Structures are given as C-alpha cells and as structure tokens.
Amino acid sequence: PTYVDVVVTIEYYKLSQYTTAEVEANIKNALLTGFGYVNMDFEDTIYPQDVEFVLQQTPGVMMVNVTDLYRDGGSGLDTLTGTAGEIFRFTEANTFLAAI
C-alpha cells in the first residue's frame, strides 16, 4: 500500500463541563480511530462531512467544523479520493485544532 498523509484543520466549540485538553484529546482519538487503518480501505473517499459526522459524536464537542482537509503537500478543503493502492493516514502531527 501507499500511505497518503492527510492534513486536517478543525474548529470546534466545546461543552462547558469539559476542559480544552479533554476535548482535544477526545477529538484526536476519534479522528485517529474513526479513520485509522482498521476502518480505511484502498481507494476510499473521505468527505469533510464524514470527518465532521464522526467528530460531532465525540464527548465534549458541541459543534465541529472542518476548515481544511487535503493530502500532505496540498491545501484547501477537498474531498479526498484514493487511487488503487492508496490508504489515507491521519496523524496527530497533521491535525490542527482551534477552539472557538
């Protein structure tokens, strides 16, 4: 397989009973679990709305908005479509969070 790193920027509102650190840890965990190796296939398509749907169900998150989603080296808000042999890979280093 060819692993394709994904860059994602996420804005979120947190529920008041959670700390920022808790919510950000929960978001990263949900992202890396929901779009991890076990849940990804070759030639997958990932829409920004898919990421938002998974993260909206994360403990402590009131609202979430994906502002950037692209292959490493790109830019913008894209729908990611893999080619034969490609698997998308989300990493903590390429995940950027902003509390609103």
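Predicted model: local features only at pLDDT ≥ 70, side-chain atom pairs only at ≥ 80, totals over all residues.
I started at Asp 44: a polar atom of its side chain sits 2.8 Å from the backbone nitrogen of Asp 41. I count that as a polar contact, meaning a pair of N or O atoms within 3.5 Å; within protein, one must be able to donate a hydrogen and the other to accept it, and residues adjacent in sequence count only if both atoms are side-chain atoms.

Residues are numbered from 1 along each chain as its sequence is written, and side-chain values use heavy atoms, with hydrogens and water left out.

I placed Asp 44 in the loop between helix H1 (20–34) and strand S2 (45–46). Helices (H or I, at least four residues) and strands (E, at least two) are DSSP runs, numbered from the N terminus. Buried means under 20% relative accessible area, exposed over 50%, and partly exposed in between (1.4 Å probe, protein chains only).

I then listed what Asp 44 touches, skipping residues up to four places away in sequence: Asn 39, Leu 80, Thr 81, Gly 82 and Phe 88. Contact here is heavy atoms within 4.5 Å.

Glu 43 is in that loop between H1 and S2 too. I noted its phi, near 65°, a positive value in a residue other than glycine. Glu 43 is partly exposed, at 49% relative accessible area.

**Salt bridges**

My rule was a side-chain nitrogen of Lys or Arg within 4 Å of a carboxyl oxygen of Asp or Glu. How many salt bridges does that give? The count is three.

- Asp 5 and Arg 89 pair at 2.6 Å, N to O. Asp 5 is in strand S1 (residues 2–14) and Arg 89 in strand S5, so this pair ties together parts 84 residues apart in sequence.
- Glu 92 and Lys 28 pair with their closest N and O atoms 3.4 Å apart. Glu 92 is in strand S5 and Lys 28 in helix H1, 64 residues apart.
- Arg 71 and Glu 86 pair with their closest N and O atoms 2.9 Å apart. Arg 71 is in strand S3 and Glu 86 in strand S5, so parts 15 residues apart in sequence are tied together.

I found Asp 68 in strand S3, partly exposed at 25% relative accessibility. Asp 68 and Ile 10 are 58 residues apart in sequence, yet 7.2 Å apart in space, C-alpha to C-alpha. Neighbours within four places aside, Asp 68 contacts Val 7, Val 8, Thr 9, Gly 76 and Leu 77.

Is Thr 58 buried or exposed? Thr 58 counts as buried, because its relative accessible area is 6%. Thr 58 sits in the loop between helix H2 (48–56) and strand S3 (61–71). Outside four places in sequence, Thr 58 contacts Asn 26, Ile 27 and Ala 30.
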